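This report goes through one protein model part by part. Please look over the sequence and the structure before reading on.

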Amino acid sequence: MVINKPSGLLCLAFLLINIFSACRNSKSDAQAAFYYWKTDFNLTGKQHSLLKEVGANRLYVRFFDVVWDARLNQSVPRAVLKASGVSKDLKIIPVVYLTNQVFEKTRGSELDSLASRINRQILHLAEKAGVNYEEVQIDCDWTVGTRPAYFSFLSLFRKYGGKKLSATIRLHQVKYPEKTGVPPVDKGILMFYNMGKISADPKLVNSIYNKEDAARYLQRIRYYHLPLDVALPLFSWTLQIREGKVIQLYAKITRKELSDADRFTKTKYQDVYRARKSFFTGGVYIKENDLLKLEEISKNTLKEAARQLTSELAVLKKRNIIYYELSSENASAIDAKDLQEISSYF
């Protein structure tokens, strides 16, 4: 059998395919990190152990929220962090959450003052906690309508802060960047959770993460015009449903509580329980016949989410994989080896 030598063009094609495949298959030097979202900064022994075992020293700490106060007709801080003497071994990134209403109500001429006040508040809290920081993260689910004000605020804040600036990016903002725009920051944090509809329908799938909903947003993610870190869910919640309506979400009603056969009975739907009687649990009133729908993130769910995302995400060296959040409950339930494995996918 005679084998003809490949042409120059064919060799070039094979070379390009191999280079492209190598780029897509290479992994970033991903580092695990955590969000800390409680008002009082006080790490437990289990939380310290988890950080050490995972090899993570980076914490994205919510310093405060900014909300619109209708009575005062101005934006005000809420849920301000209480912290002092934070360990020097921890690398703290201050996070400030701003409601969308702040940018609906704040006049353009007041954005400079808002940026200045937020920067001063961060500096004050960081000094009180003994924290030196190199980056600030802004968390806001902006809309098409608030985009001009929010982006202007970010530009002004960079002027005052003088630090690296990152911003959270929701999935719909990645899918429709021509409408929502790309914020003027150094890096984005893709929030890869809360993608489904919170619904009283017991047949609907997990609203925190499910593969089908996620797939609708990922087609264009590798072309997004910002380098992206990734935030993955490390939490569960239970929906309390009464008379066909979701009346509350609870983070502390877990599978353990729902497995109490004296209080709950399983329904035909997966992870949906019916209250056998009326009672209080942890200060929460459960009424007879209320439905409790558990939406849970297991290690297998996390692995599925990570694999799905890495198949579409552009390669980025030194990517941060930030788990939301570092709580005492999660520190007890999660295996550090699993988090190390999940982070390695990136």
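## A pair of strands

Strand β12 (residues 272–275) and strand β15 (residues 291–295) are paired in the antiparallel sense over three bridges. Two strands pair if DSSP finds at least two bridges between them. Helices (H or I, at least four residues) and strands (E, at least two) are DSSP runs, numbered from the N terminus. R274 has L291 of β15 as its bridge partner.

## Basis of the model

The model is predicted, so local features need pLDDT of at least 70 and side-chain atom pairs count only at pLDDT 80 or more, while totals for chains, interfaces and linings use all residues. Residues are numbered from 1 along each chain as its sequence is written, and side-chain values use heavy atoms, with hydrogens and water left out.

## The five-stranded sheet

β12 and β15 belong to an open sheet of five strands with antiparallel pairing, in the order β10-β9-β15-β12-β11. The edges are formed by β10 (245–250) and β11 (264–266); each has a single partner strand, so one side of each is left without a neighbour in the sheet. From one strand to the next, the twist averages 30°. In a regular strand the side chains alternate between the two faces of the sheet.

Strand β9 (residues 237–242) pairs with β10 in the antiparallel sense over five bridges. In this pair, I241 has V246 of β10 as its bridge partner. The hairpin of β9 and β10 has two residues between the strands, and E243 there takes a positive phi near 55°.

## The protein as a whole

How many helices and strands does the secondary structure of the protein come to? There are twelve helices and 16 strands. The C-alpha atoms fill a box of roughly 85 × 55 × 40 Å, taken along the principal axes.

Of the 346 residues in the protein, 49% are buried. Buried means under 20% relative accessible area, exposed means over 50%, and partly exposed lies in between (1.4 Å probe, protein chains only). Contact means heavy atoms within 4.5 Å. Among contacts with a separation of 6 or more, 72% are between residues 24 or more positions apart.

## Two packed helices

Two packed helices are described by the angle between their axes and the distance between the axes. The axes of helix α10 (residues 299–310) and helix α12 (residues 336–344) come within 9 Å and cross at roughly 10°. Axes are lines fitted to C-alpha atoms, for helices over the stretch in contact, and angles run from 0 to 180 degrees between N-to-C directions. The two helices α10 and α12 are therefore roughly parallel to each other. The classes are roughly parallel (under 35 degrees), roughly antiparallel (over 145), roughly perpendicular (65 to 115) and oblique (the rest).

In α10 the contact is made by K299, L302, K303 and A306, and in α12 by D338, L339, E341 and I342. These residues divide into four nonpolar, no polar and four charged. Ala, Val, Leu, Ile, Met, Phe, Trp, Tyr, Cys and Pro count as nonpolar, Asp, Glu, Lys and Arg as charged, and the others, Gly among them, as polar.

S207 is found in the loop between β7 (187–191) and α8 (211–215). Is S207 buried or exposed? Its relative accessibility is 2%, so S207 counts as buried. Leaving out residues up to four places away in sequence, S207 touches N194, M195, G196, K197, I198, W237 and E295. The side chains of S207 and E295 are joined by a polar contact of 2.5 Å. A polar contact is a pair of N or O atoms within 3.5 Å; within protein, one must be able to donate a hydrogen and the other to accept it, and residues adjacent in sequence count only if both atoms are side-chain atoms.

T146 lies in the loop between β5 (135–139) and α5 (147–161) and is buried, with a relative accessible area of 2%. Its side chain reaches the backbone nitrogen of T143 at 2.9 Å. N119, in helix α4 (residues 111–129), counts as buried at 8% relative accessibility.

## Backbone details

Y324 and E325 are joined by a cis peptide bond, with omega about 5°. D271, in the loop between β11 and β12, has a positive phi of about 60° although it is not a glycine. K318 also has a positive phi of about 60° and is not a glycine. K318 is exposed, with a relative accessible area of 61%.
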